[in-house]
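I opened this notebook to keep a record of what I looked up, entry by entry, for a reader who is new to the structure.

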Amino acid sequence: YGYIGETSVVPSEFHFEGWLTKQALKFLENQRDQTRPFFLYLSLDYPHVGLHVPKEFEDLYDIKDFQDKPIKLPFSSGHRPNDRFAEIWQSMTPEQQCRSRLRYAALCTYVDHCFGQIISKLKAMGELENTFILFTSDHGDMLGDRGRVSKYCLYEGSIRVPMIISGYGVSKKGV
């Protein structure tokens with residue numbers, strides 16, 4: 001029941017994403033050869049389910065902001081790849097569905113926070129303007145939109161993901 005998720009009692013810096021971010025910061029600070037170009041690949045798993053959200057990020061959102069659309073799913077077992085997700089979603093109360101969307105948004109904010117730490121470190125090192133940055137995601141999540149849950153369709157919620165290209169060699173006018 002990863003879609004219901006929970007408010008995590010683990011501080012954000014001790015979640016896997018926090019640990020990965022700390023390792024990336026250590027690399028930038030201590031482990032790279034300062035005389036050569038570097039490559040840093042940081043792959044954060046969130047906002048995938050289970051939605052175990054650090055409290056400080058869940059607290060940034062108000063559940064009332066996620067109650068704008070009741071979700072009734074068309075459901076026919078065994079005919080779609082994400083039927084098991086739809087079944088779980090249907091078994092959730094409307095409050096749990098809203099909380100799930102809130103937690104997904106909170107995890108997106110957590111990822112932004114982690115990535116922001118890397119940007120801040122690059123800036124403090126004087127490397128930001130010399131660094132080519134590509135930020136993207138593999139997929140989104142329908143979270144009940146159009147009667148779908150998870151990523152198994154080509155609707156906007158599933159495929160419209162961020163792709164940010166910035167830094168060295170990128171025109172200020174855009175790509």
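**The model.** I noted that this is a predicted model, in which local features need pLDDT of at least 70 and side-chain atom pairs count only at pLDDT 80 or more, while totals for chains, interfaces and linings use all residues. Residues are numbered from 1 along each chain as its sequence is written, and side-chain values use heavy atoms, with hydrogens and water left out.

**Helix pair.** I looked up how H1 (residues 16-31) packs with H4 (residues 94-124), and found an angle of about 10° with the axes 10 Å apart. H1 is therefore roughly parallel to H4, a term for angles under 35 degrees. Axes here are lines fitted to C-alpha atoms, for helices over the stretch in contact, and angles run from 0 to 180 degrees between N-to-C directions. Helices (H or I, at least four residues) and strands (E, at least two) are DSSP runs, numbered from the N terminus.

Which residues of H1 and H4 meet? On the H1 side I listed Glu17, Gly18, Thr21, Ala24, Leu25, Leu28 and Glu29, and on the H4 side Tyr110, Cys114, Gln117, Ile118, Lys121 and Leu122, where contact means heavy atoms within 4.5 Å.

**Surface patch.** I then found a nonpolar patch on the surface, formed by Phe132, Leu134, Met163, Ile165 and Tyr168, with about 550 Å² of accessible area together. Patch residues have over 30% relative accessible area and no salt bridge, and nonpolar side chains (Val, Leu, Ile, Met, Phe, Trp, Tyr) are joined within 5 Å; a salt bridge is a side-chain nitrogen of Lys or Arg within 4 Å of a carboxyl oxygen of Asp or Glu. Areas come from the Shrake-Rupley method with a 1.4 Å probe. Strands E3 (132-136) and E4 (163-167) each supply at least two of the patch residues, and Ile165 lies in E4.

**Cis peptide bonds.** I recorded a cis bond joining Tyr46 and Pro47, with omega about 15°, and another joining Val49 and Gly50, with omega about 0°. Pro47 is in the loop between H1 and strand E2 (52-54).

**Phe27.** In helix H1 I looked up Phe27, which touches Arg32, Phe38, Phe39 and Leu40, not counting residues up to four places away in sequence.

Notes
Parallel < 35°, antiparallel > 145°, perpendicular 65-115°, else oblique. Patch = residues over 30% accessible without salt bridge, like charges linked within 9 Å, V, L, I, M, F, W, Y side chains within 5 Å.
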